[in-house]
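Here is my notebook page on pockets and on one residue I looked up. Follow along with the model open beside you.

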Amino acid sequence: MYDTDPGLTEDFRQAMRRVASTVNVITICVDGEPMGITATAMSSLAMDPPSLLVCINQAAAMHGSLQDVSHFGVNVLHRDQEHLARMFADRSQHHLRFTSGWEVDDSRPPRLADAQAFLTCRRIDHHQFGTHSIFIGVVEEVMVRGEVDPLVYLDGSYGSAR
């Protein structure tokens, strides 16, 4: 698709390591089966209508399913939920993902009960670019945790915004 200079790719990687990102678990439910993935590429898109975007690697196991579902959930992780970020990033821990602390419903995206914030989004569009797809969702429901201390990812490590 693009003929990118390997040096530029590495420089870009190093620049992005200097950008702190909130850690999220993106969730969907397909035929009653909950699915999720750790993602830092999430951003608000517009206030009217309230909307956001998430970027998911096309090689991710749930990428194909995310293209077909009507809704997805964004679980913004709290500083004390680093173990969940690691679990949802590790395919070998798939069987442990929704065993504790999750509200799982056959028709809705799974919600982490004590997430920093949770947003239910109606998926309205997606676009492929490079190795990822950009999924756009209109927010239909929001829940927030009182304490504000999100889990952040910076320079290859998890930490706190405080």
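Entry 1. I looked up which strand gives the most to the lining of the second largest pocket, and S4 does, with 4 residues. (Strands are DSSP E runs of at least two residues, helices H or I runs of at least four, numbered from the N terminus.) Strand S4 covers 42-47, and S5 and S10 also give two or more residues. I noted a volume of about 160 Å³ for this second largest pocket. Among its lining residues I found Met-42, Leu-52 and Val-142. By class I got 8 nonpolar, 2 polar and no charged residues.

My note on terms: on a 1 Å grid over the protein atoms alone, a pocket is an open set of points where a 1.4 Å probe fits, with protein on both sides within 12 Å along at least five of seven lines, and lining residues have an atom within 4 Å of a point.

Entry 2. This is a predicted model, where local features need pLDDT of at least 70 and side-chain atom pairs pLDDT 80 or more, while totals for linings use all residues. Residues are numbered from 1 along each chain, and side-chain values use heavy atoms, without hydrogens and water.

Entry 3. I then checked Asn-75, which sits in strand S6 (residues 71-76). Is Asn-75 buried or exposed? Asn-75 counts as buried because its relative accessibility is 0%, and buried means under 20% relative accessible area with a 1.4 Å probe, protein chains only. Its side chain makes a polar contact with the side chain of Thr-27 at 3.4 Å (a pair of N or O atoms within 3.5 Å, one able to donate a hydrogen and the other to accept it).

Conventions: Grid points are joined across faces, edges and corners, and a volume is the space filled by probe spheres set on the points. Ala, Val, Leu, Ile, Met, Phe, Trp, Tyr, Cys and Pro count as nonpolar, Asp, Glu, Lys and Arg as charged, and the others, Gly among them, as polar. Buried means under 20% relative accessible area, exposed over 50%, partly exposed in between (1.4 Å probe, protein chains only).
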